[in-house]
Amino acid sequence: ALYCSRADRANEARTAIRRALVLDPLNARTHRAAGSIEYAARRYRNALAPLRQALKLNPHMTFAHALIGYCLLQLGQLAQAREEFAAEPQATFRLSGLAIVDRRLGNPEAAEKSLAQLVAEVGDSALYQQAQVHAQWGDQSAALTALERARVVGDSGLTYLSTDPLLDPVRRQPRFLALLNDLGLR
C-alpha cells in the first residue's frame with residue numbers, strides 16, 4: 001500500500017490498505033499508513049480518521065500527530081495544526097511542522113527558532129524536512145539545495161518526493177524534475 005502511494009498510484013494504495021485494515025484492524029501502524037496514503041492523495045479530511053485511530057491504538061506513536069498537523073495545515077486550520085505538531089514526539093517532524101505553521105501564523109521568530117533547532121539537533125538527517133520548510137516559506141533555492149543534499153546523503157525522506165504536498169511550490173522546477181529523474185521516480 002505504501003509503495004503504491006509513494007509511486008503515485010493512489011487507487012492501488014487504497015485497495016491494498018483497505019485489505020490490510022481488514023486483516024489487522026488493531027495495528028496502529030496500519031491505520032497511520034492509511035492516513036498517510038490519503039494525505040499523499042491530497043484527501044486531507046479522509047486522512048484524519050485513520051490517523052486519529054492510530055493514536056487511539058498507540059498514543060505514543062511517532063509521525064501520526066505530524067500527519068494530522070499536515071492535513072490540518074492544508075485545510076487551513078492553523079491553530080489546530082500547531083497543537084498537533086507540538087504533540088508530535090519525534091523532533092524531526094515536530095520541529096519542521098512548527099517551523100511551517102508558525103510562519104503561516106505570523107510568528108517568524110518562532111518559525112526560525114524551530115528550523116534552527118531542527119538543524120542543530122538533527123542536522124543532515126533532516127535535510128528532507130528542511131527542504132519542506134524552505135519550500136513552504138517560499139525559498140525555492142534553499143528547498144532545492146536541501147533536496148539535492150538529501151540525495152547525496154541518502155535521506156530516506158526522498159521516498160515521499162513524488163507525492164509530498166509540502167513540496168508543491170518547487171514541483172515544476174527543473175532541478176526538482178531532474179532529482180525525480182535521478183531517483184527513477186518520473
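Predicted model: local features only at pLDDT ≥ 70, side-chain atom pairs only at ≥ 80, totals over all residues.
**Phe63.** Then I checked for aromatic pairs and got six over the whole structure. One of them is Phe63 with Phe93, a tilted pair with 4.4 Å between centres and 45° between planes. Phe63 sits in the loop between α4 (44–57) and α5, while Phe93 is in helix α7, so this pair ties together parts that are 30 residues apart in sequence. I looked up Phe93 too: at 18% relative accessibility, Phe93 counts as buried.

**α5 against α7.** How do the axes of these helices cross? I get roughly 20° for α5 (residues 64–74) and α7 (residues 91–104), with the axes coming within 10 Å. Angles under 35 degrees count as roughly parallel, so that is what I call α5 and α7. The crossing is left-handed. On the α5 side I listed Ala66, Tyr70 and Leu73; on the α7 side they meet Phe93, Ser96, Ile100, Val101 and Arg104. I sorted the residues of this contact into six nonpolar, one polar and one charged.

**Leu177.** Last stop was helix α11 (residues 174–182), where Leu177 lies. Is Leu177 buried or partly exposed? Its relative accessibility is 24%, so it goes down as partly exposed. Leaving out residues up to four places away in sequence, I found Leu177 touching Arg171, Arg172 and Arg186. I also checked Ser162, 15 residues from Leu177 along the chain: their C-alpha atoms are 9.9 Å apart.

Note on methods: Residues numbered from 1 in each chain as written. Heavy atoms only, no water. Axes fitted to C-alpha atoms, helices over the stretch in contact; angles between N-to-C directions. Helix = DSSP H or I, 4+ residues; strand = E, 2+ residues; numbered from the N terminus. Parallel < 35°, antiparallel > 145°, perpendicular 65-115°, else oblique. Left-handed = near helix turned anticlockwise from the far one by under 90°. Contact = heavy atoms within 4.5 Å. Nonpolar A, V, L, I, M, F, W, Y, C, P; charged D, E, K, R; others polar. Buried < 20%, exposed > 50% of the residue type's maximum accessible area, 1.4 Å probe, protein only. Phe/Tyr/Trp six-rings, centres within 6.5 Å; stacked < 30°, edge-to-face > 60°.
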